[in-house]
Amino acid sequence: MARKYPITVSSWTLGDQCKFEDRVIAAKKAGYDGIGLRAETYVDALAEGLHDEDILAILDKHGMKCTEVEYIVQWAEDNRSYEQKYKEQMCFHMCELFGVKQINCGLMENYSVEHTAQKLRELCQRAGKWIIGVEPMPYSGIPDIKKGWAVWAVVKAADCENAKLILDTWHWVRANQPCDLELLADIPADKIVSIQINDVWERPYAKSILRDESMHDRLAPGTGIGATVPFVKMIKEKGIQPNALGVEVISDAILAKGIEQAAKETFDGCYAVLKEAWPEALED
């Protein structure tokens with residue numbers, strides 16, 4: 001991989017209706033360093049009849065790597081389903097297979113900081129050498145950086161070296177947080193493992209359906225209200241060194257243009273933003 005922080009097309013950006021090699025080709029052609037895979041899109045590749053060695057061979061053939069693995073959820077429930085337990089193990093396997101160090105995780109359910117911290121500690125223990133990256137989302141049980149420093153309090157209270165945070169432009173802005181270093185003042189830079197960038201419309205969806213916007217109507221970096229540049233500048237000034245620089249643009253409208261155009265449009269937006277806000281991240 002040429003870049004220090006591999007520019008990664010996150011799994012949702014290219015949807016879940018394409019064949020694995022088509023995903024890799026579209027990402028490579030657009031300029032990405034790597035692809036992100038969810039457990040579901042990895043299983044889709046297996047369902048095509050591919051085996052792990054085939055998947056690795058396709059990545060190698062096109063000079064690409066998988067640089068982002070996701071998504072463990074419902075990890076704070078006392079009685080987790082077998083599906084979620086299996087999905088968790090699948091993510092661990094994917095990290096081993098692709099050499100990815102971190103797993104993106106979310107928590108939709110709202111529990112106390114104490115309960116969440118205990119369950120995060122248990123997840124981190126199961127993960128072992130893999131980093132658990134917790135992603136704040138405004139409609140989730142970990143909605144923002146504020147809330148009594150809820151996210152950091154959870155990670156800090158869990159007292160696990162492999163518990164870290166993931167920051168996403170869309171979630172940051174929709175949680176009504178300014179791109180201000182003061183909001184990250186108490187969080188060491190090395191506790192933020194990855195970032196994901198995108199952009200947002202000026203007017204958010206109603207609070208009751210905000211997740212619909214997140215899952216269907218994001219914008220390419222630098223094409224919305226202009227939040228991406230200040231967000232990236234904040235990341236740079238904080239001294240964060242992300243394992244992956246993900247471009248997560250979940251957009252029905254963009255994806256309707258086809259995966260090659262979706263990859264190109266999102267990479268071009270990312271490149272323009274980085275050129276302005278963090279040109280060093282584009283260097284080989």
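Tutor: Begin with a definition: a nonpolar core is a set of buried Ala, Val, Leu, Ile, Met, Phe, Trp, Tyr and Cys residues joined through side-chain atoms within 4.5 Å. Buried means under 20% relative accessible area, exposed over 50%, and partly exposed in between (1.4 Å probe, protein chains only). This is a predicted model, in which local features need pLDDT of at least 70 and side-chain atom pairs count only at pLDDT 80 or more, while totals for chains, interfaces and linings use all residues. Residues are numbered from 1 along each chain as its sequence is written, and side-chain values use heavy atoms, with hydrogens and water left out.

Student: How many residues does the largest nonpolar core have, and which have the most contacts inside it?

Tutor: In soluble globular proteins, nonpolar side chains tend to be buried together. Here the largest nonpolar core has 81 residues, and the most contacts inside it belong to F20, Y32, I35, F98, I103, L120 and I132. Take I132: apart from its neighbours within four places in sequence, its contacts (heavy atoms within 4.5 Å) include I72, I103, L120 and N162. There is also a second, separate core of nine residues, with Y71, Y139, V173 and V200 among them.

Student: How many aromatic pairs does a search of the whole structure find?

Tutor: A pair of aromatic rings is described by the distance of the centres and the angle of the planes. Rings of Phe, Tyr and Trp (its six-membered ring) pair if their centres lie within 6.5 Å; planes under 30 degrees apart count as stacked, over 60 as edge-to-face and the rest as tilted. The search of the whole structure gives six such pairs. In one of them, Y5 and W278, the ring centres are 5.2 Å apart and the planes are at 40 degrees, so the pair is tilted. Y5 lies in the segment before β1 (7-9) and W278 in the segment after α11 (259-277), so the pair ties together parts that are 273 residues apart in sequence. Helices (H or I, at least four residues) and strands (E, at least two) are DSSP runs, numbered from the N terminus.

Student: Are Y5 and W278 buried or exposed?

Tutor: Y5 counts as buried at 9% relative accessibility, and W278 counts as buried at 5%. Next, F267 and Y271 have ring centres 6.0 Å apart and planes at 40 degrees, so this pair is tilted. F267 and Y271 are four residues apart in helix α11, separated by about one helical turn. F267 is buried at 7%, whereas Y271 is partly exposed at 36%. Together with Y32, F267 and Y271 form one aromatic cluster.

Student: How many salt bridges does the search find?

Tutor: Side chains of opposite charge can pair when their charged atoms come close. A salt bridge is a side-chain nitrogen of Lys or Arg within 4 Å of a carboxyl oxygen of Asp or Glu. The search of the whole structure finds 16. D33 and R3 form one of them, at 2.9 Å from N to O. That pair links distant parts of the chain, 30 residues apart: D33 is in the loop between α1 (20-30) and β2 (34-38), and R3 is in the segment before β1. Both D33 and R3 are buried.

Student: Which residue forms a salt bridge with E40?

Tutor: The partner is K87, with the closest N and O atoms 3.0 Å apart. E40 counts as partly exposed at 33% relative accessibility, and K87 as buried at 14%. Salt bridges that share partners join R38, E40 and K87 into one network.
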